[in-house]
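Notebook open, structure loaded. I'm jotting down what I look up as I go.

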Amino acid sequence: MESLYHDVFTLAAAGIAIINPDGSFRHANDRFCEIVGYSEDELKQITFADITHPNDLELDHTFIAKVMTGEIDSFSIEKRYFHKDNHSIWIELHSNVKRDEQGQLEYAIATIFDITQRKQVEQERELSTIRLESMFEEQKAGILILDAIRGEDCKVEELIIKQVNTAFAELFNATPEILIGEGLVALQPGIQ
């Protein structure tokens, strides 16, 4: 059985490390080392805080404080580590602790996945959304986006204002917030 556990640790697709209560590394599998760029021997000379992005240390400390007081025994977060070559990488971290019979922390098992590519895609998508929203709002022409409400027979029963830019709202002496959610009929007096 010990051989099986050893194989699971060394061959896992996830990065796995055993962390001592002081934050130092006890063991790390090959995948963990590959993700962070350090050998296991190099990791044993540092702590997890040494490779954690400074902006994410407070988040770590929040969860670690809860672990130390016994409030929680596991947590999952997304955070950044510094790779050995000094570029930052995003990881998804799952941490579980092992306690002795008196409830004292013996070690933590940290399982990590490299999510850098996913984070880059999310950031690019956010930037694209911001650019589109900016272009939408800055247009001199009024722009209106409608949402079709369909009945049981799939015919359009009503058109609801989903989004308008300021230029469109000004045509009706209104603000976008007032118009969003209204039916298109509300913009055409006398039409019922």
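I looked up I149 and found that E158 is its bridge partner in β7. This is a predicted model, with local features needing pLDDT of at least 70 and side-chain atom pairs counting only at pLDDT 80 or more, while totals for chains, interfaces and linings use all residues. Residues are numbered from 1 along each chain as its sequence is written, and side-chain values use heavy atoms, leaving out hydrogens and water.

Next, the strands. I see β6 (residues 144-150) and β7 (residues 156-164) running antiparallel, joined by seven bridges. Strands are DSSP runs of E, at least two residues, and helices are runs of H or I, at least four, numbered from the N terminus; two strands pair if DSSP finds at least two bridges between them.

Then I checked the hairpin of β6 and β7: five residues sit between the strands, and C154 takes a positive phi near 70°.

I stopped at V156, in strand β7. V156 counts as partly exposed because its relative accessibility is 44% (buried is under 20%, exposed over 50%, partly exposed in between, with a 1.4 Å probe and protein chains only).

Last, T116, which I found in helix α6 (residues 116-138). Buried or exposed, I wondered, for T116? T116 counts as buried, because its relative accessibility is 15%. Beyond its neighbours within four places in sequence, T116 is in contact with I89 and W90 (heavy atoms within 4.5 Å).
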